[in-house]
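Reader: Please guide me through the helix packing, the sheet and the backbone geometry of this structure.

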Amino acid sequence: MSSPAVLRVSECFIKPQHPTQEDANQLYYLTPSDIAMLTVNYIQKGLLFKKPVIVNQQDFINNLLYKLKHSLSLALIHFYPLAGRLVTKTSQDPPSYYVFVDCSNSAGARFIYATLDMTISDILSPIDVPPIVQSFFDHHKAVTHDGHTMPLLSIQVTELVDGIFIGCSMNHCIADGTSYWNFFNTWSHIFQAQGQGHGHDDVPIPHPPIHNRWFPEGCGPLINLPFKHHDEFISRYETPKLRERVFHFSAESIAKLKAKANLESNTTKISSFQSLSALVWRSVIRARRPSYDQRTSCKLATNNRSRMEPPLPQEYFGNSIYVVGAEATVGELVEKDLGWAAWKLHLAVANHNDRAVRQFLKEWVQSPVVFQPGRLFDPFTVMMGSSPRFNMYGNEFGMGKAVAVRSGYANKFDGKVTSYPGHEGGGSVDLEMCLSADTMSALESDEEFMNSVSDSNPIY
């Protein structure tokens, strides 16, 4: 008997309802931090909602799709680069290679409606995340350079038997996680405001994106890349077969980890997330069982905005992130305590300041590179991505609070850990962990790790 499959019912393209900004018809320039992302996957995150118990389900879905499309067209007024396409301009004399966004010559953002004959329980009750979840997103395996021919934003609404999944695929050279969730939050805000008496086009938004491009001194707005053809820098990393599981950590459990880490390091400076990351690092490396003299690292995706002097606003739209990390030998990591590992992570974050950001960008401008995901992470790395600080469960589309957050295929490898706020809030965290089958089985038997994992109450 074949497994149920996602069936695409319809698709269309959505443009901004109307242009309100002069820049909407101009070229949108990419900064060094944007260009460096040209060969990573699209960002793919989404929310699973319970479908309301309504007699006429067809009227409900038709009304939902109409409101989602209309509110999306209004959101795109503010986030107009997402309706554009990437363009490359080259010349031989003098040699030049430029990549930017054309915001006007595009069909817009893609909007897909699909169905799946499965229930919320079928998605959330298995121990591992079912592979079918990857089909809840458009742009499967696409890299950001594909934005030359593919939409920079694609929304897929998948109707389950008793639920609705809203999946968003966004080009990573246009936005980082902070910008991604500001878009999602704004879209949700406009959707909800329409149902509260606001006119169709006059919805004020709380955090308008800032599109003024930030370039390091002496750089931009067009950056000449040292390439003649995209084959020189585009690679397509194939994710190996992995197990993917979501582990829940209650606020109480995380508070205990933080207290333990700070006590062992005789400090009060180690954060909750640094403590949790240290636990994950130690536990995953123990589960992998490498030799004690092997070097290992834990990397954290870090928002640069607040570290700049003067700081960039959180509403700055684009990429402003960097990966910081701590290193140790396996012997040091597993023989020393949690506080020792957490302190190393704290120092890595604390030392990432304006000077460090500008130094990296200065070196990039001197020798531009495009990140190659397949070469960035080795089998002894743990990578902590996303953030439990992002407002994920505040996004509502007429169906109440989502019951879960899930992600697609994009940017996953053995040792990738994606962080979400827990459903109950209050400082709880969900970690979506991708590991080889052997490593995951060993982790599930790791006493220190599993003692900190909390039960999550079914909400479906």
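**Packing, sheet and backbone**

Author: In this predicted model, the cover over the buried residues of H8 includes helix H5 (251–264), helix H6 (272–288), strand E10 (295–303), strand E11 (321–329), helix H7 (330–335) and helix H12 (447–452).

Reader: How far does helix H8 reach from its first C-alpha to its last?

Author: Helix H8 covers residues 338–350 and has 13 residues. At 1.5 Å a residue, the expected span is 18 Å. The helix comes close to that expectation, with a reach of 18 Å.

Reader: Which residues of H8 are buried?

Author: A residue is classed as buried when its relative accessible area is under 20%. In H8 this class consists of Leu-338, Gly-339, Ala-341, Ala-342, Leu-345, His-346, Ala-348 and Val-349.

Reader: At what angle do H6 and H8 pack, and which term describes H6 relative to H8?

Author: The contact involves Gln-274, Ser-275, Ser-277, Ala-278, Leu-279, Trp-281 and Arg-282 of H6, which meet Leu-338, Ala-341, Ala-342, Leu-345, His-346 and Val-349 of H8. The crossing of the two helices H6 and H8 is right-handed. Their axes are 8 Å apart, and the packing angle is about 120 degrees.

Reader: How are H5 and H6 oriented to each other?

Author: Ile-254, Leu-257, Lys-258 and Ala-261 in H5 meet Ser-272, Ser-275, Leu-276 and Leu-279 in H6. The axes of H5 and H6 come within 8 Å and cross at roughly 85 degrees. The two helices H5 and H6 are therefore roughly perpendicular.

Reader: Which strands are the edge strands of the open sheet of 6 strands?

Author: The order in this sheet is E1-E6-E7-E8-E3-E13, and the pairing is mixed. An edge strand pairs on one side only, which holds for strand E1 (7–14) and strand E13 (404–407). Neighbouring strands of the sheet are turned by 20 degrees against each other on average, direction ignored. The edge strands are thus E1 and E13.

Reader: Which residue in E7 stands opposite Thr-115?

Author: Strand E6 (residues 109–115) and strand E7 (residues 153–159) run parallel and are joined by 6 bridges. The residue of E7 opposite Thr-115 is Glu-159.

Reader: What angle does the direction of helix H2 make with that of E6?

Author: Helix H2 (residues 57–78) packs on the sheet and touches E1, E6, E7 and strand E8 (163–170). The direction of H2 makes an angle with that of E6 of about 165 degrees.

Reader: Is Thr-439 buried or exposed?

Author: Thr-439 is found in helix H11 (residues 437–443). Leaving aside neighbours within four places in sequence, Thr-439 is in contact with Val-284, Ala-287 and Arg-288. The relative accessible area of Thr-439 is 7%, so this residue is buried.

Reader: What is omega for the cis peptide bond from Gly-220 to Pro-221?

Author: Most peptide bonds are trans. The bond from Asp-93 to Pro-94 is cis, with omega near 0 degrees; Pro-94 lies in the loop between strand E4 (85–92) and strand E5 (95–102). Pro-221 belongs to the loop between helix H4 (177–194) and strand E9 (243–249). For the cis bond from Gly-220 to Pro-221, omega is near 5 degrees.

Reader: Is Asn-266 buried or exposed?

Author: Asn-266 lies in the loop between H5 and H6. Its phi is positive, near 55 degrees, in a residue other than glycine. With a relative accessibility of 73%, Asn-266 counts as exposed.

Notes:
Residues are numbered from 1 along each chain as its sequence is written. This is a predicted model: local features need pLDDT of at least 70, side-chain atom pairs count only at pLDDT 80 or more; totals for chains, interfaces and linings use all residues. Side-chain values use heavy atoms; hydrogens and water are left out. Helices (H or I, at least four residues) and strands (E, at least two) are DSSP runs, numbered from the N terminus. The expected span of a helix is 1.5 Å times one less than its number of residues. Buried means under 20% relative accessible area, exposed over 50%, partly exposed in between (1.4 Å probe, protein chains only). Contact means heavy atoms within 4.5 Å. Two strands pair if DSSP finds at least two bridges between them. Axes are lines fitted to C-alpha atoms, for helices over the stretch in contact, and angles run from 0 to 180 degrees between N-to-C directions. A crossing is left-handed if the near helix is turned anticlockwise from the far one by less than a right angle, and right-handed if clockwise. Angles under 35 degrees count as roughly parallel, over 145 as roughly antiparallel, 65 to 115 as roughly perpendicular and the rest as oblique.
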